[in-house]
Amino acid sequence: MAGSFEPLKNDLILRAAWGEKVERPPIWVMRQAGRYLPEYHQAKGGRDFFECCRDPEVSSTLTLQPIERFAGLIDAAIIFSDILVIPQAMGMVVEMVDKKGPHFPVPLRSPDDGQYGEILKRDVDVSKELDYVYKAITLTRKKLQGRVPLIGFCGAPWTLFSYMVEGGGTKLFKESKTWIYKYPEESKALLQKIAELCVDYLALQVKAGAQLIQVFDSWAGELSPSTFKKFSEPYLGYIAKHLPLKLQELGLSPVPMIVFPKGAWFALDSIADLGYNVIGLDWLYAPSEAVKTVGHRQVVLQGNADPGVLYGSHASITETVEELVEGFGWATRKQGWIVNLGHGITPFVNPDDLRFFLEEIHRLTKTA
């Protein structure tokens, strides 16, 4: 562990993630540090998005903003960073284009693309290339002063691979599908390389001070059940198996591992056997069905309010929270649930409406 940190005052999410019975379900929100907060724009100033990620002081400031604004309502911080720092570490140029999102000026187009061979052969030192992330994590842990635990994260191999071949966001997934159906073995070689880097990167985040980790497979739902089994699940499984071993090798204790395979509703049963402690659900799952699917396995579910409810009335937010509390069986189970949205908080949400959602979770689970 990098330096010594103050003892945790709120370990609720850690206990819940390990499957313990808890007094109330812990809450955090994907993208809780972000552009819906006025203070985010003030702290970001004129900096480029990736400049903010690379500056430990700015990254830690942005990470702490929701913890300070919603003090006592949120049970974890998540480091302000981006999933695409791994492709950057692998030698690819990634830019964040205003109002468009991430852009790779030179994506991977085929295995004959000279860049593909270079990336596969390159010995990537994530300890050096992503040192700014670890510094931000250590600084954030110090600034948190034990208020809540800190989550580290990475993108899943399939999602990162898709960005690397598409060159940015897409609705068609033309390049990704061309790769897996035309060049399956070359695709698997790159996915394996990414998975190995994910393990090293996550382990070093834990060494720097991260107390849980999440793997974001944001584009898992673009695969069919058959191709998910070939091009996503094995690499999610690799991370779940090898991260604890890597931590042991570094003399570190295991941390809870969360996986978020967005859209892969068809794979919940098999994902529950991969070795993750927590599975994040998007808003397309009925919570009660997900609880049944997982059954008696020692797996916690995270989620899964529709982020769009935060554009709605307070009555709609209350109704959604009531449905979650009932669907996850909180009144009888008192375990197995971490509250979150079913995806990241969306732009233009009024922070006061998020506050109301958080307050309703507290109110309706304390009495459940």
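1. **Ground rules.** Because the model is predicted, local features need pLDDT of at least 70 and side-chain atom pairs count only at pLDDT 80 or more, while totals for chains, interfaces and linings use all residues. Residues are numbered from 1 along each chain as its sequence is written, and side-chain values use heavy atoms, with hydrogens and water left out.

2. **Overall fold.** The protein chain holds 18 helices and nine strands (DSSP runs numbered from the N terminus: H or I of at least four residues for helices, E of at least two for strands). Its C-alpha trace spans about 60 × 45 × 45 Å along the principal axes.

3. Of the 368 residues, 60% count as buried (under 20% relative accessible area; exposed is over 50% and partly exposed in between, with a 1.4 Å probe and protein chains only). Among contacts with a separation of 6 or more, 75% join residues 24 or more positions apart (contact means heavy atoms within 4.5 Å).

4. **The largest pocket.** This one has about 1,600 Å³ of space. A pocket is an open set of points on a 1 Å grid over the protein atoms alone, with protein on both sides within 12 Å along at least five of seven lines; a cavity is a set where a 1.4 Å probe fits but cannot get out, and lining residues have an atom within 4 Å of a point. Volume is the space filled by probe spheres set on the points, which are joined across faces, edges and corners. The lining of the largest pocket counts 43 residues, with Arg31, Arg35, Phe49, Asp82 and Met96 nearest the centre. Helix H2 (38-44), strand E2 (95-97), strand E3 (101-103) and helix H9 (157-166) each give two or more residues, and H2 has the largest share, with three. By class there are 20 nonpolar, 13 polar and ten charged residues (Ala, Val, Leu, Ile, Met, Phe, Trp, Tyr, Cys and Pro are nonpolar; Asp, Glu, Lys and Arg are charged; the others, Gly among them, are polar).

5. **The second largest pocket.** Its volume is about 230 Å³. Arg297, Val299, Arg333, Gln335 and Gly336 are the closest to its centre among 13 lining residues, which divide into five nonpolar, six polar and two charged.

6. **The cavity.** The count comes to one cavity of 30 Å³ or more. Its lining includes Phe5, Glu6, Arg141 and Gln211.

7. **Helix H10.** In H10 (residues 174-182), Glu175, Ser176, Trp179 and Ile180 are buried. They line one face of the helix, because they fall within an arc of 125 degrees seen down its axis (using directions from the helix axis to the C-beta atoms). The buried residues pack against helix H6 (114-121), H9, helix H11 (184-208) and helix H12 (225-231). Lys174, Tyr181 and Lys182 are exposed on the face turned away.

8. **Gly303.** This glycine sits in strand E8 and counts as buried, at 0% relative accessibility. Beyond neighbours within four places in sequence, its contacts include Leu281, Phe328 and Trp337.
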